[in-house]
Structure formats: C-alpha cells, structure tokens
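The sequence and the model are shown first, and the text then goes through selected parts.

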Amino acid sequence: MHRKDQICHDDYQKTASWLLSQTQHRPKVAIICGSGLGMLADALKCQDSVPYSDIPGFPQSTVQGHAGRLVFGELKGKTCVCMQGRFHMYEGHSLCKTTFPVRVFKLLGVETLIVTNAAGSLADSYQVGDIMIIKDHINFPGLAGLNPLSGPNDDKFGPRFPPMSGVYDKNLRKIAFDLCKSMDVSQFVQEGVYCMVGGPNFETIAEARLLHRLGVDAVGMSTAPEVVVATQCGMRVFGLSLITNKVVKSYDDTESVNHEAVLEVSKLRSQMLQTLVTELVSRMYINNNAV
Ligand SMILES: O=P(O)(O)O[C@@H]1C[C@H](O)[C@@H](CO)O1
C-alpha cells in the first residue's frame, strides 16, 4: 500500500536529476547546518545556490535561523553541498520529509554527511560555547517508533534492519580532535552523546534530570533521523553539537532558555566552526580517497 505521506524512489530521483541540471558541481560531502549555523556555507567557493522553494519535492524551512537554501560549492577543492536550514519533526513534517534531502544527496553521489546542530548541555563539565563532537546518539522518537525508516523498505537505499553501532566515524572524530589541537581550541571541545527529543518545547526539569541520568551529554531536536537515513544508505557520518545553553536541572534555577539565545551563541562560535569544518573536509580525502 502507498501511504499518502510516503515517498517513493522516483520522487528522490526526480529531485536529484533536477538538481544535477542546475549545477556543474558533483558533491561528495554534504553539510547540514544547525540553528544559526548557516554561515558554514559562506566558506564555499564558486557557489551555486538554490532556494528550497524552487526545488521539486523539497519541504520548506519555517524556523528562524534556517535560511532555506541549498548551496553547492568547493571547500579546499572538495565539492560539497550545504543545507542552509534543516527540517524538524516539530514543524509538522513527516520524518521521511525531514530526511528527504539525505537520500537525494545519496543519489547525487555524496559519500560523507556532516551534521551540525545547536544543543543544550546536560553534562556538568560542559560550558556554553563548547563544541561537542558527537560520539553516539539516543533517538528518543525512534525508540518510540517514530523512525524515518518506518514503512515499506526501499532496498535500493539499504537493508530493512540496518545496524546503528559505530555510526559516527571514528577516523573523522580523531581527525577533528587533532585539528582542534592544532587550532589551539581543545579547551572548548568535548566528545559526547547527543539525544534527540521531539520538541518544540524545551525540557521540563524532570525530563532534564531523566536525560542526565541516562547519560545524555547534549539534547536537541534534530540530527538523529538524518543520521539513521544516511547510515542505512552507507554514508559515513560526522556530527558536531554547539552547546548554546545549559539545560536547567534544578528547581532553584531561575534561568530559562529561548531560541533567540540559542541563535546568539551560534554567532559567537561561527568562525571557529567554519574553520573546523573546512579543515576537516580538506583532510578527509587524500588523493581523492576517503581516509
Ligand atoms: O536544527 P537544530 O537542531 O540546530 O535546532 C535546535 C533545536 C531547535 O530546532 C532549536 C531550538 O533553539 O535549535
């Protein structure tokens, strides 16, 4: 049965073919920009950019800090495509819509996905402005059955039951750590577990305490579905969370978080993140072979 919200292989293929007709670029790396992190695309040279509203089959961005544009270009000679704006479940998109671009990227020939996001920290040692290299994730909606891979499996993209251990590439994490050392920014860099919640409300104190007890280091409202879809179709994945706030865990705390504050902190670290992602892309291939 073909459900109304289901997307078939032809739909992905149509969008991919249309994009290939709009640009000479043939990307091997895709970058998804988190809230307020759209400036990552500014580093791309020889840009071709397409608003989401022009792309057949693409959803539209509705969140402040997500421009809604696909940018093709070169980062240190490597061809990339960058999503300036991602899609979240809380915007009302089905999970297959939020991850639609990832399968389109696969059809464009993308091999590596770099995901970035803004997140709140639960780990006591993290500070606002820290960058967390994602080691693993907890996909809360996924555990409850809200999974972009639900429904009939499209075997052309990957297996029905894909393994999810070791999805965040160890080699790329090591390269990123070494880079941070050479950039002399190791003091801001952490490695930890990201947890996706559905949003759009931020966490209650009881929810924050629950996540803390579960071993979550940072919480956000995206990323996991994109990573699940990318992993199923054989892409390698690297992920970064920018810690934009500390999640309130105490009833005595009078602070609270808001989206504007999240965007402010994103601005603060934009230059460093841009350098880190650019250098990482330049080092992830040697003589055009993935390292
Ligand atoms: O797209 P990301 O995950 O970076 O966005 C985070 C989560 C919410 O969408 C928003 C909250 O401020 O930022």
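In the loop between which two helices is the place of Ser 165? Ser 165 sits in the loop that lies between helix H4 (140–143) and H5. The model is a predicted one. Ser 165 is exposed, because 6 other C-beta atoms are within 10 Å, and a residue counts as exposed at 12 or fewer. Ser 165 and Val 237 are 72 residues apart in sequence, and their C-alpha atoms are 12 Å apart in space.

## The chain as a whole

The chain contains nine helices and eleven strands. Along the principal axes, its C-alpha atoms fill a box of roughly 55 × 50 × 35 Å. A compact globule of 291 residues would have a radius of gyration near 19 Å, and the 18 Å of the chain agrees with this. Of the 291 residues, 45% are buried. Among contacts with a separation of 6 or more, 83% are between residues 24 or more positions apart.

Helix H5 covers residues 170–182. At 1.5 Å a residue, its 13 residues should span 18 Å, and this agrees with the 19 Å between its end C-alpha atoms. Which residues of H5 are buried? They are Leu 172, Ala 176, Leu 179 and Cys 180.

Just after H5, Asp 184 has a positive phi of about 60 degrees.

## Strand S7 and its partners

Strand S7 also forms part of a set of paired strands. Six of the eight residues of S7 are buried, and the strand is mostly covered. S7 pairs with S6 in the parallel sense over eight bridges, and in this region Ile 138 stands opposite Cys 195 in S7. S7 also pairs with strand S8 (residues 218–220), again in the parallel sense, over three bridges. Here Met 196 stands opposite Gly 220 in S8. From S7 the chain crosses through helix H6 (residues 205–213) to S8, and this β-α-β crossover is right-handed.

## Strand S4 and its partners

Six of the seven residues of S4 are buried, so the strand is largely enclosed by the rest of the structure. Strand S1 (residues 29–32) runs parallel to S4 and is joined to it by four bridges. The bridge partner of Ile 31 in S4 is Cys 82. Strand S3 (residues 69–75) runs antiparallel to S4, with seven bridges between them, and the bridge partner of Phe 72 in S4 is Val 81. S3 and S4 form a hairpin with two residues between the strands, and in this hairpin Lys 76 takes a positive phi near 50 degrees.

| Strands | Sense | Bridges |
|---|---|---|
| S6 and S7 | parallel | eight bridges |
| S7 and S8 | parallel | three bridges |
| S1 and S4 | parallel | four bridges |
| S3 and S4 | antiparallel | seven bridges |

As a general point, the side chains of a regular strand alternate between the two faces of the sheet.

Phe 87 lies in the loop between strand S4 (78–84) and helix H2 (95–98). Is Phe 87 buried or exposed? Phe 87 counts as buried, because it has 29 C-beta neighbours inside 10 Å, and the cut-off for a buried residue is 20 or more. Apart from neighbours within four places in sequence, Phe 87 is in contact with Pro 59, Ser 61, His 93, Lys 97 and Thr 98. The C-alpha atoms of Phe 87 and Leu 273 are separated by 21 Å, and the two residues are 186 residues apart along the chain.

Helix H7 (residues 224–232) is mostly covered, with nine of its nine residues buried. The buried residues of H7 include Ala 224, Pro 225, Glu 226 and Gln 232. Just after H7, Gly 234 takes a positive phi of about 85 degrees.

Key: Residues are numbered from 1 along each chain as its sequence is written. This is a predicted model: local features need pLDDT of at least 70, side-chain atom pairs count only at pLDDT 80 or more; totals for chains, interfaces and linings use all residues. The expected span of a helix is 1.5 Å times one less than its number of residues. The radius of gyration is taken over C-alpha atoms; the globule rule is 2.2 Å times the number of residues to the power 0.38. Two residues are in contact if their C-beta atoms, placed from the backbone, lie within 7 Å. Two strands pair if DSSP finds at least two bridges between them. A crossover is right-handed if, with the strands pointing away from the viewer, the path from the first strand over the helix to the second runs clockwise.
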